[in-house]
Amino acid sequence: MMDAVVRLDRVSKRFGSLVVLDDLSLEVRRGEFLTLLGESGCGKTTTLRIISGFEEPTDGAVYLNGRLVNAVPAYRRRVNTVFQNYALFPHMTVGENVEYGLRFDRVPRRERRRLAEEMLARVGLADKIDRQSTALSGGQMQRVALARALIKKPEVLLLDEPLSALDARLRKELQLELKRTQRETGITFVYVTHDQEEALVMSDRIAVMERGHIRQLGRPDDVFERPETLFVAEFVGASNKLDGRVVEIRHNSVIVALPSGDRLEAPTRSAGDLATGTDVRLIVRPEHLRVAADSSAATNVVRAVLEDIIYLGSDRKLTLRVGERLRIELQERGDRLPPCLGTRLGMTVDIEIPPDALYAFRKGRGE
Ligand SMILES: Nc1ncnc2c1ncn2[C@@H]1O[C@H](COP(=O)(O)OP(=O)(O)OP(=O)(O)O)[C@@H](O)[C@H]1O
Ligand SMILES: [Mg+2]
């Protein structure tokens, strides 16, 4: 496919007996912002290193622009990387850092300076060009690192957790900046993070990784609202887990009995074959649970005991116990809750779960 800037075809990577990437295929489209999202150790950095050429796959093929590059060394690929730890040269000024990569491309001095100015203006640091690079804040250093990578006009820019050393507020600010820069330059970004919120905010598409596999690849709303596996449903977005057993099969749904005796109807979606008696896990997001106003009218209702209530500004977060063992969280606007709730820990409330908000998955190890 011509539009794939990067294509990994059945790539595996082993270190001795350790399988780090397992038969992984991935196409990155031209001009997109694609994020590899996964827990520590799932193989994100290794995937980037294989794209950049710092690491060779044990098996499989790597294509850049449709060309097989397995044997092409890193410095011959038009791929640059931005790392978590900035990796600026401390003895150089900001401008010298940014233009550094052009010295080997026989770009004249003046032109290098002009391009460095242009790139620094893009990241909002035009006035810092003659500063010593050690005299910058973390956020500024990361902007310089970005300018230094962009000046090379890479075909693909790889970003390995570039914001994880920054505090939360700065991280949010830079997320939007990076996204804007990506859009304006049209450069293909492959971004790595273990922060699902960051992935949802920034990406055109997200590849959810687990133990060397891509479990789902799709738009943020796909992976958030239409998770295909239990792993993806639990990993992306805060979720409540309700374990139960299928007691009845209906046309497009199943009835699940919880240990508490409550029964819930859940659409089957991608749950696969669920026979009566199958152990399932139901996933539901805290923001989809409601305190039932009138329990007699509602269909999917569980009785729960209020254990805690936390003030979050306009929202409240409730922790509730269902039966003996299940604990659920509910997030709701404060003005939608009965006013007496805050003072009545231990009270019994009816919680309504819209069937559409429930995801049923067969229990047991993910694929
Ligand atoms: N050169 C190497 N030799 C041996 N094992 C390695 C090597 N590089 C990586 N690994 C192992 O491969 C696995 C995946 O590593 P990788 O760095 O790709 O994970 P990651 O998803 O980037 O994790 P993190 O979020 O912690 O950065 C880990 O178990 C790691 O210890
Ligand atoms: Mg890593």
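Me: In this predicted model, which element gives the most to the shell around ligand 1?

Reply: Helix H1 gives the most, with three residues; H1 spans 44–52, and strand S2 (18–29) is likewise an element that supplies at least two residues of that shell.

Me: What makes a residue part of the shell around ligand 1, and which residues are they?

Reply: A residue counts as near if one of its heavy atoms lies within 4 Å of the ligand, and the residues around ligand 1 are Phe15, Leu18, Val20, Glu39, Ser40, Gly41, Cys42, Gly43, Lys44, Thr45, Thr46 and Glu161. By class, four of the shell residues are nonpolar, five are polar and three are charged.

Me: How do you know that threonine 46 has a polar contact with ligand 1?

Reply: The cut-off for a pair of N or O atoms is 3.5 Å, and an N or O atom in the side chain of threonine 46 is 2.5 Å from an oxygen atom of ligand 1, so the pair falls within the limit.

Me: Why is strand S9 called mostly covered?

Reply: Buried means under 20% relative accessible area, and six of the six residues in S9 (205–210) are buried, so the strand is described as mostly covered. Arg205, Ala207 and Met209 point one way from S9, whereas Ile206, Val208 and Glu210 point the other way, and all are buried.

Me: How do you know that S9 pairs with strand S3 and with strand S10?

Reply: Pairing requires at least two bridges between two strands; five bridges join S3 (residues 33–38) to S9 in a parallel arrangement, and five bridges join S9 to S10 (residues 213–218) in an antiparallel one, so both pairs meet the criterion. Threonine 35 stands opposite isoleucine 206 in S9, and glutamate 210 stands opposite histidine 213 in S10. S9 and S10 form a hairpin with two residues between them, and arginine 211 in the turn has a positive phi of about 45°.

Me: What makes S15 and S18 edge strands in their sheet?

Reply: Five strands form an open antiparallel sheet in the order S15-S19-S16-S17-S18. Strand S15 (290–291) and strand S18 (326–333) each have a single partner strand, so one side of each is left without a neighbour in the sheet. Within this sheet, five bridges join S16 (residues 301–312) to S19 (residues 348–352), and valine 305 stands opposite threonine 348 in S19.

Definitions and conventions
Residues are numbered from 1 along each chain as its sequence is written. Chains are lettered from A and ligands numbered from 1 in the order in which they are written. This is a predicted model: local features need pLDDT of at least 70, side-chain atom pairs count only at pLDDT 80 or more; totals for chains, interfaces and linings use all residues. Side-chain values use heavy atoms; hydrogens and water are left out. Buried means under 20% relative accessible area, exposed over 50%, partly exposed in between (1.4 Å probe, protein chains only). Helices (H or I, at least four residues) and strands (E, at least two) are DSSP runs, numbered from the N terminus. A polar contact is a pair of N or O atoms within 3.5 Å; within protein, one must be able to donate a hydrogen and the other to accept it, and residues adjacent in sequence count only if both atoms are side-chain atoms. Ala, Val, Leu, Ile, Met, Phe, Trp, Tyr, Cys and Pro count as nonpolar, Asp, Glu, Lys and Arg as charged, and the others, Gly among them, as polar.
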